[in-house]
Amino acid sequence: GTGEIHRVAALFAQQSTMNHVARVGRLSKNTTAFFCCDIQEKFIPRIQAINSVTYVAKYLSKAASAMKCPVIVTEQYPKGLGSTVKEIELPSTAKLFSKTKFSMMIPEVVEELKASPEIKDVVLYGIEAHVCVLQTAMDLIELGYGVHIPADGVSSQRLADRMYALERMRQIGAYISTSESIAFLLLGDATNENFKEISNLSKIERPDSGLLPFPV
């Protein structure tokens, strides 16, 4: 009857509102994990704006550590491409996995996520943007996770690949932002216990991101 139709319509309206809220891409430290993708020694000389990528990885490692967010790190064929670069200063709690698959979503990482059902969002950064980062984002989004990409923390050997990888990830529903914006989304309030530490980290001069035609 009419009452049942109205009830169903109300449920759809409520669901639509919930979906709309979900799509704005808010972050909470209690439901967010950080994924550091393949920032390895042999890649370093070949990657555009690599100083920005390593700076952002270090910045986000410290932010994740301060806010006690889990950090997952992968290395693509480390025997040939080397280890994760030391200057990132990964937190002691970071979990490191080697892989040959381009996506970070190897079975061990999938199991880590299954063991932490509270995780709803992933901050994803590293190299290369158009291969391993993109394919990780695709896998995560297909599984229902919110994916947040700091544009200053991903790159490739060629600028065109970097640019179109960011556009491709935006097309599939990833949130493209910057490392500082993501950190402050997680803080949410200047009264947050981690505000001073993150704020001080954000005052450090950072390398040019290579995202604009002039340094900023």
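Start by selecting K114 and E111: their side chains meet in a salt bridge at 3.8 Å, N to O (a side-chain nitrogen of Lys or Arg within 4 Å of a carboxyl oxygen of Asp or Glu). You are looking at a predicted model, where local features need pLDDT of at least 70, side-chain atom pairs count only at pLDDT 80 or more, and totals for chains, interfaces and linings use all residues. Residues are numbered from 1 along each chain as its sequence is written, and side-chain values use heavy atoms, leaving out hydrogens and water.

K114 and E111 sit three residues apart in helix α4 (residues 107-114), so about one helical turn separates them. Helices here are DSSP runs (H or I, at least four residues), numbered from the N terminus. K114 is exposed, at 59% relative accessible area, while E111 is partly exposed, at 46% (buried is under 20%, exposed over 50%, partly exposed in between, with a 1.4 Å probe and protein chains only).

Next, select R206 and E180, whose side chains form a salt bridge at 3.6 Å, N to O. This pair links distant parts of the chain, 26 residues apart: R206 lies in the segment after α8 (195-202) and E180 in helix α7.

Where they meet, look for residues including Y59 and L60 in α2 and E180 and F184 in α7 (contact means heavy atoms within 4.5 Å).

How values were computed:
Helices (H or I, at least four residues) and strands (E, at least two) are DSSP runs, numbered from the N terminus.
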